[in-house]
Amino acid sequence: MARGSAVAWAALGPLLWGCALGLQGGMLYPQESPSRECKELDGLWSFRADFSDNRRRGFEEQWYRRPLWESGPTMDMPVPSSFNDISQDWRLRHFVGWVWYEREVILPERWTQDLRTRVVLRIGSAHSYAIVVSQGLLCPEHIF
């Protein structure tokens, strides 16, 4: 019985190891292919936490309708990262509430030429609740 197990592991070991390496980036993680083009949005984003008492000033004043810096002070925030760990500001280190990220993106011309082109935004690091805003419009169907 032990010899049969050893033979099975010898045969299956490399296959399982290959599968584990293939899943390193996460299951179903988007991959470039002839029919799929990916655009990474990692980097520095404008960032602002809503420190108002009710944590809803950003929605009430519609910060998403204009550049974020016009709503008040912003800071550069690396994405992906945990905003609580980046700053030395004690309010931000212990903050719980709405935070706002903004970044302008230039889409590849191929994505905008054909109106039937499907563009998917994959949010890989939103851990609680996220609302996507595109061109100043809240997209309620894109609540994560």
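Here is a walk through the chain, from its overall layout to its aromatic rings. The model is predicted, so to speak of local features takes pLDDT of at least 70, and side-chain atom pairs count only at pLDDT 80 or more, while totals for chains, interfaces and linings use all residues. Residues are numbered from 1 along each chain as its sequence is written, and side-chain values use heavy atoms, with hydrogens and water left out.

Let's start with the layout. The chain has five helices and five strands, in the order α-β-α-β-α-α-β-α-β-β. Helices (H or I, at least four residues) and strands (E, at least two) are DSSP runs, numbered from the N terminus. Taking contact as heavy atoms within 4.5 Å, 59% of the contacts with a separation of 6 or more join residues 24 or more positions apart.

Next, the surface. Its accessible area is about 11600 Å², with 56% belonging to carbon and sulfur atoms (Shrake-Rupley, 1.4 Å probe; for residues, only the protein chains shown count as cover). Of the 144 residues, 17% are buried; that means under 20% relative accessible area, with exposed over 50% and partly exposed in between (1.4 Å probe, protein chains only).

Now the rings. There are nine aromatic pairs in the whole structure, where rings of Phe, Tyr and Trp (its six-membered ring) pair if their centres lie within 6.5 Å; planes under 30 degrees apart are stacked, over 60 edge-to-face, and the rest tilted. Phe 47 and Tyr 101 have ring centres 5.0 Å apart and planes at 65°, so they sit edge-to-face. Phe 47 is in strand S1 (residues 43-49) and Tyr 101 in strand S3 (residues 99-102), 54 residues apart. Phe 47 is buried at 2% relative accessible area, whereas Tyr 101 is partly exposed at 32%. Ring pairs link both into a cluster with Trp 45, Phe 51, Phe 83 and Phe 95.
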